[in-house]
Amino acid sequence: MGRTKNTSLDTTVTDFILLGLSHPPSLRILLFLLFFIIYILTQLGNLLILLTVWADPKLHARPMYILLGVLSFLDMWLSSVIVPRLILDFTPTSKRIPFGGCVAQLYFFHFLGSTQCFLYTLMAYDRYLAICQPLRYPVLMNGRLCTILVAGAWVSGSIHGSIQVTLTFRLPYCGPNQVDYFICDIPAVLRLACADTTVNELVTFVDIGVVAASCFLLILLSYANIVHAILQIRTADGRRRAFSTCGSHLTVVTVYYVPCIFIYLRPGSKSPLDGAVAVFYTVVTPLLNPIIYTLRNQEVKSALKRTAAGRGAGGANK
């Protein structure tokens, strides 16, 4: 049953079985509908932001909204790597995933996830410059530099994903092949390895846990300076707008980083909470981004209105 010798991958396992999230059988249909709706809303919401930023000249020329557009693009792909497979767990279909499919899922999950990690840090840095260095902001953060930083985040994410997938699947897997998780992720897959995983756990701790914690601390440091600068703003309206913009970003960042740090700074953990915690930064955060950035950002709402008004006027002229 899926365990024939595969010398090219140095393993006897040719597929894995994802056990998914623990749930009462009576809730299977409800959970299927819940995650299906979340996935559809995530795709539509992020696509709406992406198209709005692309279509509105006032937005796609500004670094803040370039970063927001990239974040929406990442969220759409990250959600597509995770949620469809999770939805299948609530159906009668087989829970098997081919060995190559497991490798691909782990790579893209860490590639996109780490790129998003770096992007959140860039967004915090952008807000820090805009609020704390307003006069120098056009020089310190322009469109060209923003593009270079975004490209650097993508390249760094790709390198991170390649390192993790190489280290994880260089190990022999000779059975069992049941992954006690809802995706192929490093901690769950390493438990099935037929070799010592000490080095892998150390690299995971440093490359994921410490890097994520460091990025989170840099973000908090940026916002500590931002809060200090906001308190110096004399007008109440100015303080309110600044807090609204930064508060939405910090909310999403916290929901993303805290669960991530909880999982990857505890190598070897087998806590039943890990799966539920992971849902927050793999499923909930991509849904929250378009909601928070649309509802709490006046410029995005204005751009949506302009886009809708323009299309309405175009339709009327026809």
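These legends walk through close-up views of the cavities and cysteines in a predicted model. Residues are numbered from 1 along each chain as its sequence is written, and side-chain values use heavy atoms, with hydrogens and water left out. Since the model is predicted, local features need pLDDT of at least 70 and side-chain atom pairs count only at pLDDT 80 or more, while totals for chains, interfaces and linings use all residues.

**View 1. The largest cavity has a volume of about 180 Å³.** A search of the whole structure turns up three cavities of 30 Å³ or more. Here a cavity is a set of points, on a 1 Å grid over the protein atoms alone, where a 1.4 Å probe fits but cannot get out. Grid points are joined across faces, edges and corners, and the volume is the space filled by probe spheres set on the points. Lining residues are those with an atom within 4 Å of a point. The largest cavity has 15 of them, and the closest to its centre are Gly113, Ser114, His160, Ile208 and Cys260.

**View 2. Helices H4, H8 and H9 each give two or more residues to the lining of the largest cavity.** Look for H4 at 99-132, H8 at 198-230 and H9 at 236-264. Helices (H or I, at least four residues) and strands (E, at least two) are DSSP runs, numbered from the N terminus. H4 supplies the largest share of this lining, with six residues. Sorted by class, the lining has ten nonpolar, four polar and one charged residues. In that sorting, Ala, Val, Leu, Ile, Met, Phe, Trp, Tyr, Cys and Pro count as nonpolar, Asp, Glu, Lys and Arg as charged, and the others, Gly among them, as polar.

**View 3. The second largest cavity has a volume of about 70 Å³.** Ten residues line this one, and Met64, Met123, Arg127, His249 and Tyr293 lie nearest its centre. Helix H3 (63-88), H4 and H9 are the elements that give two or more residues to the lining. The lining of the second largest cavity splits into six nonpolar, two polar and two charged residues.

**View 4. A disulfide ties cysteine 102 to cysteine 184.** A disulfide is a covalent bond between the sulfur atoms of two cysteines; here any pair of cysteine sulfur atoms within 2.5 Å counts. That rule gives two disulfides. In this one the S to S distance is 2.1 Å, and with -120° about the S-S bond the link is left-handed. It joins distant parts of the chain, 82 residues apart: cysteine 102 sits in helix H4, and cysteine 184 in the loop between strand E3 (178-179) and helix H7 (186-190).

View 5. Cysteine 174 lies in the loop between helix H6 (143-169) and E3, while cysteine 194 lies in the loop between H7 and H8, 20 residues along. Cysteine 174 is partly exposed at 42%, and cysteine 194 is partly exposed at 33%. With bonded cysteines counted along the chain, the pattern of the disulfides is 1-3, 2-4.

**View 6. Cysteine 146 is buried, at 1% relative accessibility.** Cysteine 215 is in no disulfide, and its nearest cysteine sulfur, on cysteine 117, is 3.8 Å away. Cysteine 215 is buried too, because its relative accessible area is 8%.

Key. 1 Å grid on protein atoms, 1.4 Å probe; cavity = no way out; pocket = protein on both sides within 12 Å on 5 of 7 lines; lining within 4 Å. Buried < 20%, exposed > 50% of the residue type's maximum accessible area, 1.4 Å probe, protein only.
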